[in-house]
Each structure stands twice: as C-alpha cells, then as structure tokens.
Amino acid sequence: MKTITSVRVGVIGAGLMGREVASAFGRWFALLDCPVRAELTAVCDVNPAALEWFRQVPTIRHFLSDHSALLALDDVDVVYVAVPHHLHEAIYLDVLRAGKDLFAEKPFGIDLAAARRIRDEATKRGRFVRISSEFPFLPGVQRALGVIKSGELGRLLEIRNSFLHSSDLDPNKAINWKRQSKFCGEPGVMNDLGMHVAHVPLRLGWKPVSLYAQLQKIYTERPDGRGGMASCDTWDNATVHATAEIAGASVPLTLEMKRMAPTETNTWSLEVLGTEGGVRFSTKEPKTFWRYRRQAEQTWEKTDLGFAMPFKTITGGIFEPGFPDLLQQMWAAYLTERAGLLGERFGCATPDEAVAHHEVWAAALTSQREQRVVSL
Ligand SMILES: NC(=O)c1ccc[n+]([C@@H]2O[C@H](COP(=O)([O-])OP(=O)(O)OC[C@H]3O[C@@H](n4cnc5c(N)ncnc54)[C@H](O)[C@@H]3O)[C@@H](O)[C@H]2O)c1
C-alpha cells in the first residue's frame, strides 16, 4: 500500500521515551502497509542537554525549551508528551486547548481525577487522543486475543496479567522521579506499570467489579545521586486480586505490577485459562505462543510465531520482534486510526480505558488502606 498522508509530530519530553519515538519514526520506511507517514518536526524539553541527541534527526526543524512554543507551531499536527506524571494534566490540557491531537503517555494524569479532566477536555474539543501501551501489538498477544475472542477457550476459569521488573532490588540504585509520590503519583508502581496490565483485560471488557489489593513499599530511601539519601515513598509492588464478570460468571483476574520481582527484566505476561483451552504469552519468549486445548491428555502446545506484526514490515517473518518494533507498530496503529483507516486492527488504549484503569488503582489504594475487598 502507498503512503497516502504525512503527519507532523512534535515531542514534549526528550527523555527515555521521547528518544524511542524518534527512533521508531527514523525507520518508518520499514513499514509496508501503513497508510500514514510520521514525520518528527519539533522537540521540546526544559533540559537543554536532553535536546542534544535530537540534533541528529534530520526532519526536526524546531528545538524548544517551552512547550507553549511547540504548541504554537503550524507544522505540528500531533503532539506526543512524555514527561513525569505530575505534569501530565497541565501539558495534556494545553495540547488539547491548542487544537492539536494528542498521543499521551500512561498513566494519563497523576490520578483518577486528573485522568477524568483530561478525558473530558478531549471529548469537549473533539480531539483524537490515545495512550501509549505497546505490548498488545506483539504477535503472541495478537494471537491470544484472536483465540480469546473466538470463544474457543470455553468458560473462563482465571486470568493473570503481569508486568515485572527487578532492577530496584539493588538498594544502591539512585532515586528518580518514578520513586517519589509527588512526581509519580500515589498509586506508585500502578501508575508506572498499570496501563500495561490493564489494557488487554479492559479491551476485552473484563473490568474488575471488585478487588483486594496487596501493596508493598520495600525500600524507603535510596541514594540521591549527590552523596546523600532521599526518601522513596511509592508503592514498589502491587498484586491486585480482582473479580471480573464474564459471560455471567465471576472470574478471578489477577493484575501484578512489580519493581522487585527477582530475575525479571521488563517481563510482560498474559495467561487466560478456560474449560476448553488456554493461552499464554510472555516477553521472556517474545516469538513464542503457548496454547492449551482440553483433550484426553492435557498438554501445552508451543508455536514460534516469528514477526507476525499487525502492520507488515520488511523484516523477515522468521525474525523476533523487540521493544522498538512494538513502539513503531503502536504508532502505526495510532496514526492509522486517526486517519480513520484502522479497520479490524487493534487500536491504542483510549481515554476511557485510561480512566477505567485509574478507577482500578484508586480502588486498590482504598483496599490497601482499609484492608478490605472494594467494589467498583
Ligand atoms: N510506554 C512505555 O513503555 C513507557 C516506558 C517508560 C516511561 N513511560 C512513560 O513516559 C513518560 C516519560 O517517562 P520517561 O521514562 O521518558 O521519563 P524521563 O525522565 O526519561 O524523561 C522525561 C523528560 O521530560 C522532561 N521534562 C520535564 N518537564 C518538562 C516540561 N515542562 N516540558 C518539557 N519537558 C519536560 C525532562 O527534562 C526529561 O527529559 C511517563 O509518563 C512514563 O510513565 C512509558
């Protein structure tokens, strides 16, 4: 398919994720059937040093330190904002009020109230807004979604979705804004990792109706990077034991988000078990899809899927997908949906889904505080 339209993107927040997006756009030519072309025209960061890396990106015409200046540009159609959580609401609202479309980072506001205000402003202004959540674009997750939607799993028995890290086990790892509630938000690890575990269940209509949460603060201080120690007050690990109503039955749904899960490095996993079959996928084996079918002898079948991405690329079908591929697929989905051409393909997380995920974490905080099951 030929490229039919070009969209000019501005990035606010030139940190870890800002650079990843520039990288995804830089090899946009790898996509074979995306009807929209992404062009990075402007970048903004309050830290001038953060802008330096972007000087090598040939399409960027504007290097700015004030996001209002970026929002005033005529050659920016869509704005991607990747800044700390306490700044989401103010900057997202500025983007919408400037008449630009928004690709927001999770968690879409520091808390539920902020998420609702952003969602409502987007609705009022009729802007196209989606939220970053890349794991569902993996071939294994796409295959799992297809099997789940087909009904072949029978009556669902249980669902588990987790996203696990371990680098925080090192007590000498220096503090950053993600480990302080005033910047990350009271939900802590749920703000950081929660969109990733909530996106697929919410898309399938599996919103918890009740939950009990176990939240842990494990290290309370960390090196401040200047020779001293700084208070570290966010929830580090969260296990949310929820119930979802699915086809008239109450089904256990476990959502796990952990910064201290020994041996895990960015491990995203999904397991859905039913009376007739099951599906299982983990980024530990990024090309491998596991499937269980109820038979006389019960076994898990393992299939290597290769590079079966929603948007075709020049990459050979036998190769393995990785994080940069997912980001590019997610952006292809965002821009294609914005152009009204997504069709049956999987779309990025919506503002309503982001609000719904905050509702779950708000209930989890209540559950922790009051040590009880909370209804949503
Ligand atoms: N989708 C994912 O997989 C993923 C992964 C990591 C982080 N994130 C999300 O991305 C967002 C950013 O995280 P990060 O890891 O890139 O953070 P980061 O700390 O690496 O980068 C944030 C950048 O924002 C800049 N900044 C701060 N205030 C600003 C302002 N007023 N105007 C312009 N720039 C400003 C900082 O100087 C910094 O360069 C967060 O919402 C985070 O949750 C998403």
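A: Let's start with the sheet: 6 strands make it up, ordered β3-β2-β1-β4-β5-β6, and it is open, with parallel pairing. Strands here are DSSP runs of E with at least two residues, helices are runs of H or I with at least four, and both are numbered from the N terminus. Two strands pair if DSSP finds at least two bridges between them. The edges belong to β3 (62-64) and β6 (129-131); each has a single partner strand, so one side of each has no neighbour in the sheet. From one strand to the next, the twist averages 25°.

A quick word on the model: it is predicted, so local features need pLDDT of at least 70 and side-chain atom pairs pLDDT 80 or more, while totals for chains, interfaces and linings use all residues. Numbering runs from 1 along each chain as its sequence is written, and side-chain values use heavy atoms, leaving out hydrogens and water.

Now zoom in on β4 (residues 78-81) and β5 (residues 101-104), which pair in the parallel sense over 4 bridges. Here Y80 stands opposite F103 in β5. Helix α4 (residues 88-97) lies across β1 (5-12), β4, β5 and β6, and runs at about 155° to β5. That angle is taken between N-to-C directions on a scale from 0 to 180 degrees, using axes fitted to C-alpha atoms, for helices over the stretch in contact; contact means heavy atoms within 4.5 Å.

Y80 and F103 also belong to one aromatic cluster, together with F25, W28, F128, W331 and Y334. Rings of Phe, Tyr and Trp (its six-membered ring) pair if their centres lie within 6.5 Å; planes under 30 degrees apart are stacked, over 60 edge-to-face, and the rest tilted. Searching the whole structure turns up 15 aromatic pairs. One of them, F25 with W28, is edge-to-face, at 5.7 Å centre to centre and 80° between the planes. F25 is buried at 7% relative accessible area, where buried means under 20%, exposed over 50% and partly exposed in between (1.4 Å probe, protein chains only). W28 is buried too, at 7%.

F128 and Y334 form a tilted pair, 5.1 Å centre to centre with 45° between the planes. F128 sits in the loop between α5 (112-125) and β6, and Y334 in helix α9 (residues 323-338), so this pair ties together parts 206 residues apart in sequence.
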